[in-house]
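Please read it beside the sequence and the coordinates.

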Amino acid sequence: MQTNLADFIRNTPDGNEAEAILRNCVHCGFCTATCPTYQILGDELDGPRGRIYLIKQMVEGAAVTRSTQVHLDRCLTCRNCETTCPSGVQYGRLVEIGRKITEEKVTRPFSQRMVRRLLASFVPNSALFTPTMRLGQHVRALLPKKLRDKVPARQRALEWPTAHHPRKMLMLAGCVQPAMMPNVNIATARVFDAVGVETLIAPEAGCCGAIRLHLGYHEEALDDVRANIDAWWPYVEQGVEAIVMNASGCGATVKEYAHLLRDDPVYAEKARRVTELTRDVAEILPEFEEALVAVTRRRAIHTVAFHPPCTLQHGQQVRGKVEHLLAALGVEVRLPADSHLCCGSAGTYSLTQPRLSYALRDQKLERLQVQEPQVIVSANVGCIAHLQSGTSTPVAHWIELVEHMLST
């Protein structure tokens, strides 16, 4: 795709990257067939190919309109199109460039500006989010359904393991997961403890940056990234084996740190090292398969349906590992039809695009329930909460299932 950049973006990092990505696109339309929003709306401009054309027009100097912004807003950034694309178009990076331009050139309606500012200030800030979530859980039964859907029932917390091991890995606790689903982190630590690995958490690490990045607060997101690198760096210097992610949305973002800070003279090299060390828990635990088999009770749960999050299978390109490990532990894992499609959670998408989000949730749940599972499992806090809001079937993180099966 030939591109003639406008003066405002020519010879800039974003411009150079956008041009390189656009030149890879061959207009084939394979991406359209796997785009969730195109399948629901049937509008070319609500599919990757159409959005690529809109971004091409923007970087070539065409007027950026509110309509353009709406079409980019509707994108889930699920990156299914990247998995489908035969030309290797890095659509996820391109759409973020397009969104940055629209935020600079288009003034949003006041109500949208307020909602997005509130989300960007509140959700990643655990000092605000955690007590508010605790209050919401306390009065959950009294909340209207739309609000109750966003407040998972409070978990009875497991005990964090106290043993020390020579092998150590660092884990990102996350900004919302400790309040919404604390047992995901604790279960991760307990499973690692059972195979002889000590899990460390840097207290000063916070939001991975994804929330603010996808809401258009790019510089604030980079501040989150730098703060995490600062918090993790002493542990990196001490030789931790890996930085473990058990929220695939966070993992997909942290694996982009080297790219996000590629032009930062202070942080570029540190970001590269952090990216190298970052691995989803599903990438690490298969190395301990034999040890896990030895310490688990077989078939504690007979049948589960697995929803692989987009950030795991498309963002991180990690596929098949969860299913294989659970099967090795005696669990029958069933994938739904169209398991490559998004559930509609997508960070704050369920709050900014509720109609599309819930349509995708209901479609996903219908296909999961056909599998007649005892439990639905996934690998990202947002997906789990979103799916649970539409079903009475228990929805959990797959690592919680593994922890439940431990015999020690």
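## Cysteines

Cys-25 is buried, with a relative accessible area of 9%. In this predicted model, Cys-81 is likewise buried, at a relative accessible area of 8%.

The structure holds zero disulfides. Cys-25 takes part in none, and the cysteine sulfur nearest to its own, that of Cys-31, is 6.7 Å away. Cys-81 is also in no disulfide, its nearest cysteine sulfur being again that of Cys-31, at 6.1 Å.

## Aromatic pairs

A search of the whole structure returns two aromatic pairs. In one of them, the ring centres of Phe-122 and Phe-129 lie 5.6 Å apart with the planes at 50 degrees, so this pair is classed as tilted. Phe-122 is partly exposed, with a relative accessible area of 23%, whereas Phe-129 is buried, at 7%.

The other pair joins Trp-232 and Tyr-257, whose ring centres are 6.3 Å apart and whose planes meet at 25 degrees, so the pair counts as stacked. This pair links distant parts of the chain, with Trp-232 in helix α14 (residues 218-237) and Tyr-257 in helix α16 (residues 257-260), 25 residues apart. Both Trp-232 and Tyr-257 are buried.

## Charges over rings

Two further rings have a charged side chain over them: the charged end of Lys-105 sits over the ring of Phe-8, 4.5 Å from its centre, and Arg-117 lies over the face of Tyr-217, at 4.3 Å from the ring centre.

## Surroundings of Thr-311

Thr-311 belongs to helix α20 (residues 310-315), and with a relative accessibility of 23% this threonine counts as partly exposed. Leaving aside residues up to four places away in sequence, Thr-311 touches Ser-248, Gly-249, Ala-252, Gln-316 and Asn-380.

As a reference point elsewhere in the chain, Val-139 is 172 residues from Thr-311 in sequence and 32 Å from it in space, C-alpha to C-alpha.

## Helix α21 and Gly-330

In helix α21 (residues 321-328), the buried residues are Val-322, Glu-323, Leu-325, Leu-326 and Ala-328. An α-helix has 3.6 residues a turn, so residues three or four places apart point the same way. Just after α21, Gly-330 adopts a positive phi of about 90 degrees.

Conventions
Residues numbered from 1 in each chain as written. Predicted model: local features only at pLDDT ≥ 70, side-chain atom pairs only at ≥ 80, totals over all residues. Heavy atoms only, no water. Disulfide = S-S within 2.5 Å. Buried < 20%, exposed > 50% of the residue type's maximum accessible area, 1.4 Å probe, protein only. Helix = DSSP H or I, 4+ residues; strand = E, 2+ residues; numbered from the N terminus. Contact = heavy atoms within 4.5 Å. Phe/Tyr/Trp six-rings, centres within 6.5 Å; stacked < 30°, edge-to-face > 60°. Lys NZ or Arg CZ within 6 Å of the ring centre and 35° of its normal.
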